[in-house]
Every structure is written in C-alpha cells, then in structure tokens.
Amino acid sequence: AYHILSGLFAAGALGLRVVWGLVGPGPARFARWPLSPGALVRHVRALVGRARAEEHEGHNPLASWVLLGLLAV
C-alpha cells in the first residue's frame, strides 16, 4: 500500500511540474530554460574558474539540464 501511495504521489508531483512548466509564471516555464550547449559550457566554466556566472531569472543552464534529466527519468 505504501509503495502504491508513493508512486501516486510521485506521479502527481511530476504531473504538477509539467503543468506548471507549461502554464506557470515566466521563470518556471520550460520555454525559458536556457538549454543551449554553449550556455551550459559558459556557465560551467564560470563555476570552475571561480568567475562570476551570468545572472538568470529562474533556472541557470546547469539546473535546466539537470531538471530535464530528472523529468526524463
């Protein structure tokens, strides 16, 4: 019973995030995620080089790729 409830909770959370990504406020929308490989490389280089990373309203490029992977799994 706990396994089924946990699965239903996870499915509900995933469904809510997908709906929020489609109709939510600007920074939460999937269309605003910076998913270009160039932006990802620049962001990681800034983090590794201790330089100041670009400011992003909402998700930064690394977080966008991580969240895309989480949603895919």
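Rings of Phe, Tyr and Trp (its six-membered ring) pair if their centres lie within 6.5 Å; planes under 30 degrees apart count as stacked, over 60 as edge-to-face and the rest as tilted. The model is predicted, so local features need pLDDT of at least 70 and side-chain atom pairs pLDDT 80 or more, while totals for chains, interfaces and linings use all residues. Residues are numbered from 1 along each chain as its sequence is written, and side-chain values use heavy atoms, without hydrogens and water.

**Exercise 1.** State how many aromatic pairs the rule gives, and classify the geometry.

Solution. The count comes to 1 aromatic pair. The ring centres of Phe-30 and Trp-33 are 5.0 Å apart and the planes lie at 85 degrees, so the pair is edge-to-face.

**Exercise 2.** Decide for Phe-30, Trp-33 and His-43 whether each is buried, partly exposed or exposed.

Solution. Buried means under 20% relative accessible area, exposed over 50%, and partly exposed in between (1.4 Å probe, protein chains only). Phe-30 has 23%, so Phe-30 is partly exposed. Trp-33 has 7% and is therefore buried. His-43 has 8% and is therefore buried.

**Exercise 3.** Describe how H2 and H3 meet.

Solution. Helices are DSSP runs (H or I, at least four residues), numbered from the N terminus. The two axes, lines fitted to C-alpha atoms over the stretch in contact, come within 8 Å and cross at roughly 120 degrees, where angles run from 0 to 180 degrees between N-to-C directions. Contact means heavy atoms within 4.5 Å. On the H2 side it is made by Ala-39, Leu-40, His-43, Val-44 and Leu-47, and on the H3 side by Pro-61, Leu-62 and Trp-65.

How values were computed. Helix = DSSP H or I, 4+ residues; strand = E, 2+ residues; numbered from the N terminus.
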